[in-house]
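Please keep the structure open beside the text.

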Amino acid sequence: MTSGGIICVRTSPALYGVVQIEGAKNAVLVIMASLILTKGISILRRVPPSADVFQMIRMLEMLGARIVFDIPARTLSVDTTTISGDGILDPVIVRTFRASTLVMGPLLARFHRARVAFPGGDNIGLRPIDFHVRAFEQMGARIDIIDDEMHVHAERLQACCFVLEYPSVGATENVMMAAVLTPGKTIVINAALEPEVLDLINVLRAMGACISLSVPNSIVIEGVSVLHPVDYAVMYDRLEAGTFAIAAVVSGGAIEIPQAPAQHMEVFIEKVRQMGHNVRIGDGGTGIAVEATRTPRAVSFRTMPYPGFPTDLQALMMIAQIRAHGVSTIYETVHERRLSHVAQLMRCGADITVQGEMTAIVRGVLGIQGAEVVGGDLRAVAALVLAGLIAEGETIVRGIEHLVRGYVDFDVKLRALGAVVEYRGHVQANINNTITHNIPVPLVNIIGA
Ligand code: UD1
């Protein structure tokens with residue numbers, strides 16, 4: 001996907017107000033893929049109209065699903081009755097986002113075959129899919145690489161005990177989806193237990209799957225013979241919530257995020273508090289209100305699989321360190337190349353040194369200046385936009401095509417809080433009556449157009 005659009009940000013006042021967030025991008029994509037396991041009409045709620053969701057809609061349609069997306073209601077109806085194992089997935093679409101690999105597990109489970117091009121997605125490291133491939137092979141599947149495509153098939157899948165050498169989110173999800181219809185007991189040892197993985201487990205259980213967790217980090221799946229359609233509300237997006245929490249602290253304001261799943265944001269919230277900011281958590285662990293201190297202290301942190309500090313909030317938390325008092329050391333341990341935003345921040349006058357490929361040392365400065373910058377993945381772009389709020393003058397951020405993959409109406413929401421920000425160029429009026437950029441024109445039936 002290319003974009004002629006840019007994001008213009010000007011020095012903004014402290015942001016104040018309440019912001020509503022969407023359903024979680026990383027949960028909704030895999031949950032949409034999991035519907036392949038069922039035959040009939042499922043309803044998903046809190047589905048964000050983001051670019052990646054439209055890509056997943058296209059993929060499911062290519063497989064034969066019939067889809068209606070009521071965008072104002074954020075409700076997606078997916079009829080999987082006519083899905084077949086012979087649908088051809090357009091490699092161009094598959095390569096545009098990594099979540100496309102997530103159709104492999106359910107296709108294999110329901111049709112015993114899948115044909116998928118090698119995936120794309122954010123440019124944040126090597127991101128191989130060897131764990132997924134090894135797990136499918138261990139379950140008895142054969143994988144042939146033909147013309148840059150993976151052809152996976154299995155006469156019959158067999159339950160197995162699979163050890164993940166690293167708790168990969170995507171591999172855990174794919175193995176679970178392949179195993180739910182496979183007779184016997186499949187065990188994933190050292191599984192990822194991100195909240196989005198648990199949301200998938202909730203959906204699969206609602207379909208009739210038999211899944212349990214075992215201490216310390218294993219998932220046990222007892223295969224069943226059939227799964228049923230569901231009506232399910234996707235969890236709220238902890239990463240979008242974290243983004244607006246950072247917008248509050250960076251700008252020196254106060255923002256309330258009533259739907260923030262605080263119970264899944266513990267380490268992030270702890271780090272924000274260690275900086276001296278005030279974070280109040282709502283009853284039952286839902287909702288946060290963040291109020292910035294005028295004298296933030298620098299904190300160091302290390303990205304880790306959940307419940308550690310999320311890699312997807314690393315770039316954003318780095319912005320909070322730029323003007324903090326002291327020195328922050330940031331270790332990115334999850335993705336290899338996730339510090340590309342550092343060079344961009346240095347163009348704005350931030351004092352950051354990179355050691356090796358995965359460590360950044362940020363020394364607090366009094367201020368930064370606007371510049372023309374480019375973000376290589378969606379969180380980096382969001383982070384650069386927030387940096388623009390405190391930079392003197394105008395900051396031009398490129399990479400809007402990454403941003404719209406996971407954020408809906410980011411500019412609109414920031415403006416409502418007081419930010420001076422706008423998208424320019426290549427603007428297309430969306431069915432949502434908001435302005436978005438370069439979101440592919442949906443092929444689906446739209447309600448509320
Ligand atoms: C998901 C999230 C992404 C998040 C990441 C880690 C979605 C759509 N995306 O990505 O936002 O940053 O989890 O929380 O849910 N790895 C291998 N071999 C594999 C699979 C992974 O070496 O077969 C490595 C990756 O290169 C990476 C690390 O494991 O360094 C973590 O990747 P993984 O947890 O699989 O991330 P994704 O599922 O791609």
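Strands β19 and β20 (residues 359-363) run antiparallel and are joined by 5 bridges; two strands are said to pair if DSSP finds at least two bridges between them. Helices (H or I, at least four residues) and strands (E, at least two) are DSSP runs, numbered from the N terminus. Within this pair, Ile352 has Val362 in β20 as its bridge partner. This is a predicted model, in which local features need pLDDT of at least 70 and side-chain atom pairs count only at pLDDT 80 or more, while totals for chains, interfaces and linings use all residues. Residues are numbered from 1 along each chain as its sequence is written, and side-chain values use heavy atoms, with hydrogens and water left out.

Both strands belong to an open sheet of 4 strands with mixed pairing, in the order β17-β18-β20-β19. Its edge strands, each pairing on one side only, are β17 (301-302) and β19 (351-355). Helix α10 (residues 314-321) packs on this sheet and touches β17, β18 (327-331), β19 and β20; contact here means heavy atoms within 4.5 Å. The direction of α10 makes about 170 degrees with that of β18. For such angles, axes are lines fitted to C-alpha atoms, for helices over the stretch in contact, and the values run from 0 to 180 degrees between N-to-C directions.

Now to another sheet. It is open as well, with 4 strands in the order β9-β10-β12-β11 and mixed pairing. Here β9 (161-163) and β11 (210-214) are the edge strands, each pairing on one side only. On average, neighbouring strands of this sheet are turned by 15 degrees against each other, direction ignored. β11 pairs with β12 (residues 218-222) in the antiparallel sense over 5 bridges, and Leu213 stands opposite Ile219 in β12. Helix α6 (residues 169-179) packs on the sheet, touching β9, β10 (185-189), β11 and β12, and its direction makes about 20 degrees with that of β12. Helix α7 (residues 195-207) also packs there, touching β11 and β12, with its direction at about 145 degrees to that of β11.

Elsewhere, β24 (residues 394-398) pairs with β1 (residues 6-10), running antiparallel over 5 bridges, and Arg10 stands opposite Glu394. β24 also pairs with β22 (residues 372-374), in the parallel sense over 3 bridges; there Val374 stands opposite Arg398.

What surrounds the ligand? There are 17 residues around it, the closest being Arg98, Asp130, Ser168, Asp312 and Val334; a residue counts as near if one of its heavy atoms lies within 4 Å. The table lists some polar contacts, meaning pairs of N or O atoms within 3.5 Å; within protein, one must be able to donate a hydrogen and the other to accept it, and residues adjacent in sequence count only if both atoms are side-chain atoms.

| Residue | Atom in the residue | Ligand atom | Distance |
|---|---|---|---|
| Asp130 | side-chain N or O | nitrogen | 2.7 Å |
| Phe131 | backbone N or O | oxygen | 2.7 Å |
| Val169 | polar backbone atom | oxygen | 2.8 Å |

Taken alone the ligand exposes 740 Å², and the protein buries 88% of that; these accessible areas come from the Shrake-Rupley method with a 1.4 Å probe, and for residues only the protein chains shown count as cover.

Helices α5 (130-138) and α6 each supply at least two residues of the shell, with α5 giving the largest share, 3 residues.
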